[in-house]
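Biologist: Hey, I've got this one open on my screen. Walk me through it, please.

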Amino acid sequence: MIDINKKYRTRDGREVRIYATDGNELKRVHGAFKNTYSGCWTSCDWEASGSHWRDMLLDLIEVRPRHKRTVWLNIYDDSKPALHLSRELADQYRCDRIACIKVELDFEEGEGL
């Protein structure tokens with residue numbers, strides 16, 4: 001079910017605005033998608049599930065927030081690596097590391113679940 005309070009895009013990546021989710025039985029969701037070429041908004045309607053009745057490229061896909069983090073990975077010769085939220089914490093952990101690797105994470109909320 002489409003939630004009017006969540007953000008969506010079309011399956012082919014177009015920006016979407018949802019105006020209502022209480023339309024008729026067949027086309028319950030009403031809104032618009034941004035036309036890639038003109039930049040104008042085109043009105044559209046979808047089934048309650050977010051499926052478009054004619055064109056699957058217009059199906060609604062929930063946009064989840066993205067998160068970015070920097071972490072530090074200490075590598076040891078004799079054990080598992082240790083992950084730290086700052087370089088300072090990584091430096092204080094153990095003095096026998098063989099490397100300290102900066103890792104830039106960029107992920108969508110829920111990714112990998």
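Modeller: Let's start with a term: a residue is buried under 20% relative accessible area, exposed over 50%, and partly exposed in between, using a 1.4 Å probe and protein chains only. By that rule Asp78, with a relative accessible area of 60%, is exposed.

Biologist: And what kind of model is this?

Modeller: It's a predicted model: local features need pLDDT of at least 70, side-chain atom pairs count only at pLDDT 80 or more, and totals for chains, interfaces and linings use all residues. Residues are numbered from 1 along each chain as its sequence is written, and side-chain values use heavy atoms, leaving out hydrogens and water.

Biologist: OK, back to Asp78. Which residue does Asp78 form a salt bridge with?

Modeller: Arg94, and the closest N and O atoms are 3.4 Å apart. A salt bridge here is a side-chain nitrogen of Lys or Arg within 4 Å of a carboxyl oxygen of Asp or Glu.

Biologist: Where do Asp78 and Arg94 lie?

Modeller: Asp78 is in the loop between strand 6 (66-76) and strand 7 (82-84), while Arg94 is in the loop between helix 1 (87-93) and strand 8 (97-108), so the pair ties together parts that are 16 residues apart in sequence. Helices (H or I, at least four residues) and strands (E, at least two) are DSSP runs, numbered from the N terminus.

Biologist: Which other residue is linked with Asp78 and Arg94 in the network of salt bridges?

Modeller: Asp96. Arg94 forms a salt bridge with Asp96 too, with the closest N and O atoms 2.6 Å apart. Arg94 is partly exposed at 28%, and Asp96 is partly exposed at 36%.

Biologist: How many salt bridges does the structure hold?

Modeller: Ten. One of them joins the side chains of Arg11 and Asp59 (3.2 Å, N to O). Arg11 lies in the loop between strand 1 and strand 2 and Asp59 in the loop between strand 4 and strand 5 (60-62), so parts 48 residues apart in sequence get tied together.

Biologist: Is Asp59 buried or exposed?

Modeller: Asp59 is buried, at 9%. Arg11 counts as partly exposed, at 40%.

Biologist: New topic. Which loop does Arg14 lie in?

Modeller: The loop between strand 1 (8-10) and strand 2 (16-20). Arg14 counts as buried because its relative accessibility is 18%. Leaving aside neighbours within four places in sequence, Arg14 is in contact (heavy atoms within 4.5 Å) with residues including Phe33 and Leu58.

Biologist: How many bridges join strand 3 to strand 4?

Modeller: Six, and strand 3 covers residues 29-34. For example, His30 has Asp45 in strand 4 as its bridge partner.

Key
Pairing = 2+ DSSP bridges.
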